[in-house]
Amino acid sequence: MIFEKEDIDLTTVVQTVRDQGLCIIKNWFTENQAKDLKDEQLEFYSDIEDNKRVMFLEQEEFNQGKAMALYPQSYNAFPYLVKNIFYDPFLNSVIDTYYSGRCQKFLQTFCTYENKVVKDKDLGRHSRLHVDPYAALKIAFFPSGASKSNGALRVIPGSRQEGANIRIKFMSKNPAGLNGGVAHTMQEFKKQCAELVTRNENEVVYMECTPRDLCVVDTDMYHGGGLIEEKGKERLAIYIHSRPL
């Protein structure tokens, strides 16, 4: 599930994500592209207070550092993101093929800047091993690089079918949705729908990336990221969501 850019084709990427839940494309970005994307993110984070997540003009607590929730009406403020992701013909083809042309592409983008070691109770939901309550294909990259010590994406490869089963049979039955407190972590699943859980946290693999790498992720796979293990470490992450209709 890890490929060099020159070795990939549309069928390989789509089938790998369907089978494993994830595909990493090494050296997707040039060095200049990676630098531009990082600088663009940091410029906006310079105006955000510590421990805040900004969504338009609203803010909420984010104990691990800073975060932004972006939607299409704000994308024009991020020209490098638009140019290198939203306008890329190959990535558009991947999303269209994955969902047979029936999807909301680039529906929302979640950006995080984790730079603090926090207690377990203060971790955001994105940092716990979980399955998203809505089917989605994410394009993700990490402008500062990602290793285990600075919160690399951790996944259980091949768990996509189990996650989809839990999403459909358990999470979708909660009318309150995620904001209403629907359980979405593996720990919660083991308590509330244990009969649907067969995988274990000891199967986790850390997907270490350079600033030039790009990931394609199906959010039915067990995944989590942004857990800083060492003081002084930091991680920038961008996750761009597309959802099936």
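In β2, Glu4 has Lys26 as its bridge partner. The bridge is one of 3 that join β1 to β2 (residues 22-26), and these two strands run parallel. The model is predicted, so local features need pLDDT of at least 70 and side-chain atom pairs count only at pLDDT 80 or more, while totals for chains, interfaces and linings use all residues. Residues are numbered from 1 along each chain as its sequence is written, and side-chain values use heavy atoms, with hydrogens and water left out.

**Sheet**

- The open sheet has 9 strands in the order β1-β2-β10-β7-β12-β6-β5-β3-β4, with mixed pairing; strands (E, at least two residues) and helices (H or I, at least four) are DSSP runs numbered from the N terminus, and two strands pair if DSSP finds at least two bridges between them.
- β1 (2-4) and β4 (58-61) are the edge strands, each with a single partner, so one side of each has no neighbour in the sheet.
- On average, neighbouring strands of this sheet are turned by 20 degrees against each other, direction ignored; axes are lines fitted to C-alpha atoms, for helices over the stretch in contact, and angles run from 0 to 180 degrees between N-to-C directions.
- Helix α1 (residues 10-20) packs on the sheet and touches β1, β2, β7 (137-141) and β10 (214-218), where contact means heavy atoms within 4.5 Å.
- The direction of α1 makes about 140 degrees with that of β2.

**Strand β12 and its partners**

- In β12, 8 of 10 residues are buried (under 20% relative accessible area; exposed is over 50% and partly exposed in between, with a 1.4 Å probe and protein chains only).
- β12 pairs with β6 in the antiparallel sense over 9 bridges, and Phe110 stands opposite Tyr239 of β12.
- β7 is joined to β12 by 5 bridges, also antiparallel; the bridge partner of Leu137 in β12 is Ser242.

**Helix α3**

- Leu81, Val82, Asn84, Ile85 and Phe86 of α3 (residues 79-86) are buried.
- These buried residues pack against α2 (31-45), α4 (89-98), β6 (103-114), β7, β10 and β12 (235-244).

- The axes of α2 and α3 come within 9 Å and cross at roughly 135 degrees, which makes α2 oblique to α3 (angles under 35 degrees count as roughly parallel, over 145 as roughly antiparallel, 65 to 115 as roughly perpendicular and the rest as oblique).
- The α2 and α3 crossing is left-handed, that is, the near helix is turned anticlockwise from the far one by less than a right angle; clockwise would be right-handed.
- Gln33, Asp36, Leu37 and Glu40 of α2 meet Pro79, Tyr80, Leu81 and Asn84 of α3.
- That contact has 4 nonpolar, 2 polar and 2 charged residues (Ala, Val, Leu, Ile, Met, Phe, Trp, Tyr, Cys and Pro count as nonpolar, Asp, Glu, Lys and Arg as charged, and the others, Gly among them, as polar).
- The axes of α1 and α4 come within 10 Å and cross at roughly 50 degrees, so α1 is oblique to α4; this crossing is right-handed.
- Leu10, Val13, Val14, Val17 and Arg18 of α1 make the contact with Phe90, Ser93, Val94, Thr97 and Tyr98 of α4.
- By class, the residues of the α1 and α4 contact divide into 7 nonpolar, 2 polar and 1 charged.

**Ser149**

- Ser149 lies in the loop between β7 and β8 (153-155) and is buried, with a relative accessible area of 12%.
- Leaving aside neighbours within four places in sequence, Ser149 is in contact with Leu227, Ile228, Glu229, Glu230 and Lys233.
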